[in-house]
Amino acid sequence: MKSFKTTSWIFLAASLAGAGAFAQCDPTSPGNFTDNRFDSGADCSNTGGVDENGGWNEPGSPFIEAGSRSPGDVFRVQGVVGTYNKLCDSGDDDSRDLDWIRFSATEACYITVSLQMNDAFGFVMDGTDVYDLLYIVQGSNSESGVTLYGAYGADGCPHVAEYMFPNGTKMARFPVPAGDVLIIVTTAFGTTYANPAQVHGPLHYGVDVSVTAYDHPACASSTNDCLATSSTGGCTDSVCCDLVCGLNPACCNVAWDASCVHDGIEMCANCISPCCFANPNIPNDCMSNAELVVSLPAFISFDCTDADTDGPNNTAQLCTSNTCHDLWYIVGPMPTAGELLVTMCGQGNIGDAVISLYDLGTSNDIGNPQDLPSKYVGCRDDVCDDNGDGSVDVDGPAGINLISVPAGEYILVRVGAFLNPAKSGNPGFPGTMEISFRTVFVDHGLQSVVLNNGVNTNLGIISGWSTAALPKRWSMVPFEMTTEGTIDGFDFAAFDSTTPNEIHYKIMARAPGASYGAFGRPFGDGNYVDGQIIASGSEPLDMSVFANVGDDYQQRFFIDITNPFHLDPGSYYFSIYGANSDGSGGGAFAWLLYGRKGMPQVTTAAVTISAEEAASSSSQGTFAAGTPFGWRSIGGGFPNGDPKFCFYNLGALYSVQPGDDPGLLYNCAFNLKGHIVDPACFGDLDGSSEVDGGDIGLVLLDFGPCPGCTTDLDGSGEVDGGDIGLVLLSFGACP
């Protein structure tokens, strides 16, 4: 479920008609259905307690079942949620109770959903100091479920789910299709939207749901395109159809003619290219005329102030940060499998921007614009920290780092202003945007949750300073480099442990070894030997700046390497760990296990591990062939002593998800990326068929900031010593 902005919106005059009961704020009054299965947990008992996730994420999918519902039905659910200390160790609350209410709509209809909730002191949520949280989801399983609505109760009590038209207007009747509907209730987590004392459970809530039919039945069943005329009434956007037919009933009763199309565009902003009101002075105002971007990196200046809005802002909430004044770019084809970066960060932008991506496949033809929602990849709003204060700038520029883009793929980029009717005129702005691409040489995939005795567990192991006895707690994760290249960055899945300000990385060659098969013990007898390291370095690390790329429960961190290095095809180990730049202890993060595209790592024969060879107590003993394992470091004097790498096994309670290779358990999630090297003539900048002093001279001529220059061999945006180093690595005649 995606993040969103809360703003003040304009309401339709009829939106609260008939709300009646929804004006009440009595969370504790009895309901037709009651959450009585998970209503405690504060006593830390082993029975009953909190359903930490509920629904899809809880074994057996414990929904509160509200049955089959038709227009005219009204029902109430009364229950308890809240935040709790999962470990009961007097620490911070670390789990959150969600209630999942399921009912089945017999036909496409409207629902009016009103949530009331008390805080821990018995006061109703005021939408100022503490907020409730409400979602509406189409479907009842994680594969088919679509989030229709998700918002904090910013307007206090009651919190009414509001449908938003693409032009920013809202109404309290929320459309849902026929079939299963989930209403998910919880409260804020952490300190951003709540005082922790106010959301510590149990918190009582009440949800009132009213089901009503469409005002015009044709809107629930029509297959007409809303942007085309038809001899029959109605159109497929049922909500806009209902609104238009309310103004002109003939649009439903007779035919969806040109006046109905026009009214739909005017009233609902129901316009997906071809543009309805295109600005002829802006060539790429319409997605059908998107600017093709072939050469990367590209540095683009744009001005969306007078651009039309023709992209999808619809009931599926493709991006809850909806967009206006949009411009369009097609990027591709991707030269290899890799990572696409589209960013406005660090370029002096001040506009309130939103960037969305759509996957066009292996063709740069957009096809039918009405099908664009099905090609949606993702959207980002407010991700930059351009003022350097350590937090994301609100109402500022945007950026997306999209990993695992296939070779030959085309990506449609939409950039525009955040749609906020509270701001006069929904202003556009001039801006700049960088679009760049890097090959992903090693892709260990998105991190998946580990099973701990059958229960989903987001498991990370300390990487960095663990304790005074274990100051260098590292892991060595195997990978294969299949293509020669320049490594200039990596990303990894982790969560904050002690907020280090540096990340260190090391790469060493991997050799097979007896019972460990292709995953021989690092450093021979285990004792760290600096001379075996092929590449190493450190970079500043800000654990508060991250980008979500789809990992199950955590965020992903992106690191650019200041001094890129060359890596030949071969078998390697990779390690990353946290540290503090002043050498003090406590610098660590939790590197998440179980990268689903990693290398299965299991013993190939029975192996007996002594206490000296074991990285933990569960790693001692005899392990049969096929046992999953990893390499972890122990010991090492602080701050300069070197660690020893030992056999690591979590024990029998931990396993991968059903159907996955057990050996994936110890493959931490990370990607290594950079630029493909042509071993024949890489660095031959003057075309002499030899890499020599002339090429170094060309690098020196461009020394300094030089985005897009051919002499910027590592793609850093600057011609510097790193590029000279890459020329020297290729010195000599081209074959």
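**Disulfides of the predicted model**

Cys-226 is buried, its relative accessibility being 7%; here, buried stands for under 20% relative accessible area, exposed for over 50%, and partly exposed for what lies in between, with a 1.4 Å probe and protein chains only. The model is predicted, so that local features need pLDDT of at least 70 and side-chain atom pairs count only at pLDDT 80 or more, while totals for chains, interfaces and linings use all residues. Residues are numbered from 1 along each chain as its sequence is written, and side-chain values use heavy atoms, leaving out hydrogens and water.

The partner of Cys-226 is Cys-235, the two being joined by a disulfide with an S to S distance of 2.1 Å. Cys-235 is buried as well, at 0% relative accessibility. This link is right-handed, with 85° about the S-S bond.

Searching the whole structure gives six disulfides, each a pair of cysteine sulfur atoms within 2.5 Å. Another of them connects Cys-251 with Cys-260, S to S 1.9 Å. Both ends are buried: Cys-251 has a relative accessible area of 0% and Cys-260 one of 1%. At -95° about the S-S bond, the link of Cys-251 and Cys-260 is left-handed.

A further disulfide pairs Cys-25 with Cys-157, their sulfur atoms lying 2.2 Å apart. This pair ties together distant parts of the chain, 132 residues apart: Cys-25 sits in the segment before strand S1 (33-34), and Cys-157 in the loop between strand S8 (146-152) and strand S9 (159-160). Strands are DSSP runs of E, at least two residues, numbered from the N terminus. Cys-25 is partly exposed at 29%, and Cys-157 is partly exposed at 23%.

How values were computed. Helix = DSSP H or I, 4+ residues; strand = E, 2+ residues; numbered from the N terminus.
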